[in-house]
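Subject: Structure handover

Hello,

Please find the structure below. My notes on what was found in it follow.

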Amino acid sequence: GMVLCYPPEFKYSHSTAVAARYVSYDWLWNQVRVKGGAYGTHMSIGGFGQITFHSYRDPQPSASFDAFCAAAEKIRELADGGDIEKYIISTLPSANPMLTPHSETIWDETLYFRGLPADDPVISTDQILATDAAELRRSVMTQALARKEEDARGAFADAPVQQVTDA
């Protein structure tokens, strides 16, 4: 996997949720899992500015790294003419997930320790529905991913890829 950390202006928002859904379930699924042969792949976004790309049992980690680095370009392509609506629809359940009492307690504790009000959702259904192409294009996440792609490619250009195997 690869963890990218972003500057303080990065905030998890409705557009980042839709973009992450697209990257995980379309771009990475097809490139890393279907074409690359990995058992699984995903992009995760944390509330403190971390974006994580990972693959599981990946026979081609170098190709997966290239797919991770291309995420910003693919989000821009989605904004420039892709079917945004289906990713908006598939993102909606994340705005109001069904929680067990235990999960609700953990969520409330998370909000408390982050200093967020318990009755204020991090992301609302209305915000997700308001996502459009312009929002995806100007997303801080899209811009940050593009900057990190340049940094990551430069930092790892000559580095050998090491496969971690199960013990």
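I begin with S15, which counts as buried because its relative accessibility is 1%, below the 20% cut-off for that class. This residue lies in helix α1. Apart from neighbours within four places in sequence, S15 is in contact with T131, E135, L136 and S139. Please keep in mind throughout that the model is predicted.

Overall layout

The chain contains eight helices and three strands. Their order along the sequence is β-α-β-β-α-α-α-α-α-α-α. There are 167 residues in the chain, and 36% of them count as buried. As for contacts with a separation of 6 or more, 70% are between residues 24 or more positions apart.

Helix packing

Two packed helices are described by the angle between their axes and the distance between the axes. Both values are given here for two pairs that involve α1.

The crossing in which α1 passes α2 is right-handed. On the α1 side the contact is made by W27, L28, Q31 and V32, and on the α2 side by S64, A67 and F68. By class, the residues of this contact of α1 with α2 comprise five nonpolar, two polar and no charged.

The other pair is α1 with α4 (residues 84-91), where the axes are 9 Å apart and the packing angle is about 100°. The range from 65 to 115 degrees counts as roughly perpendicular, which makes α1 roughly perpendicular to α4. Here α1 contributes A17, V18, R21, Y22 and D26 to the contact, while α4 contributes Y87, I88, S90 and T91. The residues of the contact of α1 with α4 divide into five nonpolar, two polar and two charged.

Individual residues

Three further residues are listed below, in sequence order.

- R57 is in the loop between β3 (50-56) and α2. Its phi is near 45°, a positive value in a residue other than glycine. With a relative accessible area of 44%, R57 counts as partly exposed.
- E73 belongs to helix α3 (residues 71-79). Its relative accessibility of 35% puts E73 in the partly exposed class. E73 and R137 are 64 residues apart along the chain, and their C-alpha atoms are separated by 10.0 Å.
- D108 is part of helix α5 (residues 101-114). D108 has a relative accessible area of 33% and is therefore partly exposed. From D108 to D119 the C-alpha to C-alpha distance is 9.3 Å, and the two are 11 residues apart in sequence.

Regards

Notes:
Residues are numbered from 1 along each chain as its sequence is written. This is a predicted model: local features need pLDDT of at least 70, side-chain atom pairs count only at pLDDT 80 or more; totals for chains, interfaces and linings use all residues. Side-chain values use heavy atoms; hydrogens and water are left out. A crossing is left-handed if the near helix is turned anticlockwise from the far one by less than a right angle, and right-handed if clockwise. Helices (H or I, at least four residues) and strands (E, at least two) are DSSP runs, numbered from the N terminus. Contact means heavy atoms within 4.5 Å. Ala, Val, Leu, Ile, Met, Phe, Trp, Tyr, Cys and Pro count as nonpolar, Asp, Glu, Lys and Arg as charged, and the others, Gly among them, as polar. Axes are lines fitted to C-alpha atoms, for helices over the stretch in contact, and angles run from 0 to 180 degrees between N-to-C directions. Angles under 35 degrees count as roughly parallel, over 145 as roughly antiparallel, 65 to 115 as roughly perpendicular and the rest as oblique. Buried means under 20% relative accessible area, exposed over 50%, partly exposed in between (1.4 Å probe, protein chains only).
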